[in-house]
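This report describes a single protein chain, first as a whole and then residue by residue. The sequence and the model are shown next.

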Amino acid sequence: MRRVPLLVCGLVVLAAPVLDSQSPGSLMQGWLTLQPGVKSLRISSFDTSGGNNDRLERIAPGERRTLADIKGSGQITHIWVTIAPPPPTVSRHDIVLRMYWDDETTPSVEAPIGEFFGQGWNESYPMAALPLAAGPREGRAMVSYFPMPFRSRARIEIENDTGRQIDAFYYYVDYEQFPAGSLPADTPYFHAWYHHELTEAQTYGENEWGVLGPEQKNTTGAGNYVVADISGRGHYVGMNYYVHSPSPMWYGEGDDLFEVDGQAWPGTLHGTGTEDYFNTSWSPNTLYQHPFFGYARVNGETGWLGRTHVYRFHVTDPVRFEKSLKVSIEHGHDNNLTLDLATVAYWYQTEPHKAFPAFPDRESRKLMPPIGPSEIHRWRDAWRKAMGNGSKLWGNERP
């Protein structure tokens, strides 16, 4: 008997139509199920004159534009976006994407458009995951296949917080329109939240791998970097994790922690290290892209100095909660590292959701500058002076 690849078996979790959620089989099983009354529709930036000017144009600094405002019941099935000029001229880190379901006044999705689609730091690079992708050319085509159901309305908007004009914005929003009242009552809504923080090291120093002395312990989870803090009923389905390390030391000893329905530490879903949560091992620094997890960008510098983007999507293993879920991860073992961390968490839950914290302004979102050879050389100079400023100090000497 021919074996069906795991990828194909698992895809149905994210991709099956809401109205056919009980159908067994592969991703393509939905093709064999007729759904009377369901219509396939699209909103896009096409040129309604019949010309080739298929875009929104001249989006001014501070301006908001509505991409879609859909009335009735349905489900968004696909979004595609590309923007001109490309990075770094127009910062995708500073274009804010928001989505609202039904008539809610606080967004269920709020994130920089780059980070939402798996593009960190206003950079542009390929990414190939199941629900999100950044395709040719050079990661400039940003794609979502997250199913996004709604009962009475769906609204998607962008805000230009780049400080300059966006010359052109091209997009598709593909969706299905359902007969009134046909969406099952327990269907959860799609959510995504962006968090960005410059983490604080411990007062005893950045003692990763015990290089400065005995390691300490974290027995509470206090001080962990927060990925999501959710109230309500639903399931968590993954994250994009963007880490900028100012040191060549390994950044990924921090454990992941899922506190389900108010569980106290250590809870029933406590991990063993950052790379372990992302389905990798032994301090990886290699480009690797699986539909469920991967390294879309690695630093390519000394040790783990610089920027790394990893992702994981819980396609076959969503984390389910009835009342609440707090997802956090240590920044280094015992939260001992200063890192420039950003994440976008993705989940589904019933409404209403807890309002997100105020979205950080452009100054608060500002990216930390790279650490380069001149900074490292100045560190060496300070170390030489601390060691007595000997003329033949090599670098591995200890006090």
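## Basis of the description

The model is predicted, with local features requiring pLDDT of at least 70 and side-chain atom pairs counted only at pLDDT 80 or more, whereas totals for chains, interfaces and linings use all residues. Residues are numbered from 1 along each chain as its sequence is written, and side-chain values use heavy atoms, with hydrogens and water left out.

## Overall architecture

Five helices and 23 strands make up the secondary structure of the protein; helices (H or I, at least four residues) and strands (E, at least two) are DSSP runs, numbered from the N terminus. The C-alpha trace spans about 80 × 50 × 50 Å along its principal axes.

Of the 399 residues, 50% count as buried; buried means under 20% relative accessible area, exposed over 50%, and partly exposed in between (1.4 Å probe, protein chains only). The protein exposes about 19,100 Å², of which carbon and sulfur atoms supply 55%. Accessible areas come from the Shrake-Rupley method with a 1.4 Å probe, and for residues only the protein chains shown count as cover.

Among contacts between residues at least 6 apart in sequence, 77% join residues at least 24 apart, a contact being heavy atoms within 4.5 Å. The side chains include 35 positive and 46 negative ones, and the centres of the two sets lie 4 Å apart. Lys and Arg count as positive and Asp and Glu as negative, while His and the chain ends are not counted; the place of a charge is taken as NZ of Lys, CZ of Arg, CG of Asp or CD of Glu.

## Two glutamates in loops

Glu206 is found in the loop between strand E13 (189-198) and strand E14 (225-231). With a relative accessible area of 34%, Glu206 is partly exposed. Apart from neighbours within four places in sequence, Glu206 is in contact with Ala201, Leu212, Asn336, Leu337 and Thr338. The side chain of Glu206 reaches the backbone nitrogen of Thr338 at 2.9 Å. The C-alpha atoms of Glu206 and His333 are separated by 9.4 Å, although the two residues are 127 residues apart along the chain.

Glu123 belongs to the loop between helix H3 (113-116) and strand E7 (127-128), and is buried at a relative accessible area of 19%. Beyond residues up to four places away in sequence, Glu123 touches Pro87, Arg92, Arg297 and Arg307. Its side chain makes a polar contact with the side chain of Arg297 (2.5 Å). A polar contact is a pair of N or O atoms within 3.5 Å; within protein, one must be able to donate a hydrogen and the other to accept it, and residues adjacent in sequence count only if both atoms are side-chain atoms.

Ser144 is part of strand E9 (residues 141-144) and counts as buried at 1% relative accessibility. A polar atom of the Ser144 side chain lies 3.2 Å from the backbone nitrogen of Phe146. With neighbours within four places in sequence set aside, the contacts of Ser144 include Thr77, His78, Ile79, Phe116 and Phe117.

Met368 sits in the loop between strand E23 (340-349) and helix H5 (373-386) and is partly exposed, with a relative accessible area of 36%. Residues up to four places away not being counted, Met368 touches Leu198, His244, Arg307 and Asp340.

## Backbone features

| Cis peptide bond | Omega |
|---|---|
| Trp265 and Pro266 | about 5° |
| Glu351 and Pro352 | about 5° |

Pro266 lies in the loop between strand E16 (256-260) and strand E17 (269-270), and Pro352 in the loop between E23 and H5.

Asp102, a residue other than glycine, has a positive phi near 55°. Asp102 is located in the loop between strand E5 (95-101) and strand E6 (109-112) and counts as buried at 18% relative accessibility. Ser283 likewise has a positive phi near 55° in a residue other than glycine. Its loop runs between helix H4 (274-277) and strand E18 (288-289), and Ser283 counts as buried at 15% relative accessibility.
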